[in-house]
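Please look over the structure shown here. The report below takes the sheet, then selected side chains, then the backbone.

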Amino acid sequence: MGTTWRVLYVGPDAPDGVQLAIKALLATLDDQLSHWNPASRLCAFNRAPAGSWITLPHHLASVMDTALRVAAVSNGAFDPSIGALVDLWGFGPPGPKPTPDDAAISEALAVSGWRRLRWDPAARRLRQPGGLSLDLSGIAKGYAADAIADLLGARGLVHALVEVGGELVGRGVQPDGSPWWVDLESPPGLNVEPIRAALHGIAVATSGNYVRGAHSIDPRNGRPSDNNVASVSVLAETAMLADALATAWTIAFPNDDFRDMNVAARIITHADSGAVEHLTPAMARMLCM
């Protein structure tokens, strides 16, 4: 996935083969979820003929199921079918490109859109409507962190902190009985008060434009988001959900369409006076506990 991973765990020496098992799992996830690997199952779906139903492997199916749910509740602020637009703006595998004109954006929008997909969860089948390109970069790292935590738990390592590309999952507790404490990621150069979260059976993900530059494309209009959002951090029961919701809030804020989801989020925006911090009601309640 073009990023790093780390695992901290509590207990005796890890059972033999844990590190190899983690690497094998990540290789499997890359093989299923990557839009950068032409041989991946995701890229195979992107190349499939119009009207074909594709049976997805387990991990890809799990991610797609959540991705489509978040797309629905966010009114498309998060959209797994954004691949054509990402490539058009030069953020995908083809590399940098000139700023697209209105005609090119309209053409990419015409072959995109999560509503064009048909999903059969019972059979794990997804219908390719024709020309649609999946891009799961806004959710895949979170899923990978969850999957590693599950792998560790299955091997008896139930107290662990897992990080994949900045998305974190905390299971169990530290040796002293305290939870896994992590500071919410903040954009460099912006003066905001730190927030420390206790990851005890929950996860945190952060989305922003300060690592790879301004790359947040609004799937609804095919253009870069202009809402001055610097970063969004979300706490949720899984890193996959936190990752997708952070991506959605980065696009949707402040005119979001999914406040009723009770999402615990911190949004940092740029302003003439510097950084402005916005806390959702769910996040504010967590800070008062």
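## The open sheet

An open sheet is built from 7 strands, in the order β1-β5-β6-β9-β12-β13-β14, with antiparallel pairing. β1 (5-9) and β14 (274-279) stand at its edges; each has a single partner strand, so one side of each is left without a neighbour in the sheet. On average, neighbouring strands of this sheet are turned by 10° against each other, direction ignored. The model is a predicted one.

Strand β13 (residues 264-271) is joined to β14 by 6 bridges, and the two run antiparallel. H270 has A275 in β14 as its bridge partner.

## The β7-β8 pair

Strand β7 (residues 180-183) and β8 also run antiparallel, joined by 4 bridges. W181 is bridged to A198 in β8.

The two faces of β8 (residues 196-199) can be told apart: A197 and L199 make up the covered face, R196 and A198 the uncovered one.

D65 is a residue of helix α3, which covers residues 58-73. Its side chain makes a polar contact with the side chain of R69, at 2.9 Å. Beyond its neighbours within four places in sequence, D65 is in contact with W119 and P121.

How many aromatic pairs does the structure hold? The count is 0. A charged residue does sit over a ring, though: R125 lies over the face of W53, 4.5 Å from the ring centre.

## Backbone exceptions

Most residues other than glycine have a negative phi, and most peptide bonds are trans.

P254 is in the loop between α7 (239-252) and β13. N75 is in the loop between α3 and α4 (83-88). R124 is in the loop between β3 (118-120) and β4 (125-128).

Key: Residues numbered from 1 in each chain as written. Predicted model: local features only at pLDDT ≥ 70, side-chain atom pairs only at ≥ 80, totals over all residues. Heavy atoms only, no water. Polar contact = N/O pair within 3.5 Å; in protein donor to acceptor, adjacent residues only side chain to side chain. Contact = heavy atoms within 4.5 Å. Phe/Tyr/Trp six-rings, centres within 6.5 Å; stacked < 30°, edge-to-face > 60°. Lys NZ or Arg CZ within 6 Å of the ring centre and 35° of its normal. Buried < 20%, exposed > 50% of the residue type's maximum accessible area, 1.4 Å probe, protein only. Pairing = 2+ DSSP bridges. Axes fitted to C-alpha atoms, helices over the stretch in contact; angles between N-to-C directions.
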